[in-house]
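Subject: Structure handover

Hi,

Here is the structure you asked about. Please open it first, then read the notes below.

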Amino acid sequence: MKRTLLIIAITAVAATFAGGCSRAFTAVAPEGFATYKGGESFRAVSPGHIVYRVRTVANDPYAGFDFWREALPERMKNAGYRIIADSVVVCAKDKALLLEMAAPVEQSDYTYLVMMMVGEKRILIAEAAGEFTEVQGRKTEIVGALLKNLLK
Amino acid sequence: MRRIALFAAGIISFAAAQEQADSSTANSVFHITAGLVYKTIDQKASEKNISSVVEAMGGWLLNQTPQQIRFRLPKDSVDGFLKMLDSTGVTTDATYARSDFTADYFRLVAGLQAKEYLLKQYLAVLDSSGTEGIYPVSREIADLQNSIELLKGRMRGMIERMEFAEVWVSFNFIDRRVPVVSGNSDFEWLNSVDLPSLLEDFR
């Protein structure tokens, strides 16, 4: 009996993890995107192959928003991305950094959008990328969705 | 002897022009080249728009391929053109170069002046020469006229480059190096923010 209860409990926990309920964030996909189930990160994709991912990383070494707000664009620039826009927006009382970048991928030119929100223990990173014209055509809804993702 | 005298006159004229070039920094001669990587949703419409704006600004197309448009634009219109582009699309890369060719320009002016002076002298000699001297003098005159025309042609090209900037607009990245995957930040998590890894996560 005890063994049966234990198996049921383990199955329930596994199902919770697979469903993404254990994630340290709440994620929203842009309208019309198909979402993947399970996994540590939240993933979605559009019919035009725009990819969308939300995840968190440990805030380690610990630093506040202002620190990471400077460090992230610097690292992206050094890695070879062209930064098109760099802005700080407030969503649900927290500051978020929104970066719009561009980079070549094989024969195409891609737009790469990154939203970063800094919490005490975790940092939320929401990313979207796709061929330039595809992303520009749906930019408003993608940016809108990026800014709805929140740390729990 | 007469030829040496004429040659000396040419050198004096060149030296005078060089002096003039050195003293006139305000009259520096520049050629402007600007290049842009311009991203737009509708490339065909943008190409048409660029062509009509260039024409309206007094410029002209040099060549056009599916990837790039190259044209000349009055120097003073370049800033206005770049602002127009910013309002209709996204400029991801921009290069701007200003080459100084003041010395070349004044060297050309001096060369032309010297040759014109020589021609004048030869024409005077031709007037006073007898029948046996006509052939060599007229050959010299023909050679001089030929080189004067060549210099004038070069000068017209230089003046055009002086007054018109050369601008190219590319619709795709010229530098197609993919950003580095791992990055080189000391903060480990920052290196995980990269496009190739994001795309790989969906394969």
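Start with Tyr36(A), which lies in the loop between strand E2 (34–35) and strand E3 (42–45) of chain A. Strands here are DSSP runs of E with at least two residues, numbered from the N terminus.

Two ground rules. This is a predicted model: local features need pLDDT of at least 70, side-chain atom pairs count only at pLDDT 80 or more, and totals for chains, interfaces and linings use all residues. Residues are numbered from 1 along each chain as its sequence is written, while chains are lettered from A and ligands numbered from 1 in the order in which they are written.

Leaving out residues up to four places away in sequence, Tyr36(A) touches Arg43(A) and Ala44(A). Contact means C-beta atoms, placed from the backbone, within 7 Å.

Next, the hairpin in chain A. Strand E5 (residues 82–91) and strand E6 (residues 94–105) run antiparallel, joined by nine bridges. Strands pair if DSSP finds at least two bridges between them. Val88(A) has Leu97(A) as its bridge partner. Two residues separate E5(A) and E6(A), and Ala92(A) in the turn has a positive phi of about 50 degrees.

Chain B has an open, mixed sheet of five strands, ordered E2-E3-E5-E1-E4. Its edge strands are E2 (60–64) and E4 (90–100).

Best wishes

Note on methods: Helices (H or I, at least four residues) and strands (E, at least two) are DSSP runs, numbered from the N terminus. Two residues are in contact if their C-beta atoms, placed from the backbone, lie within 7 Å.
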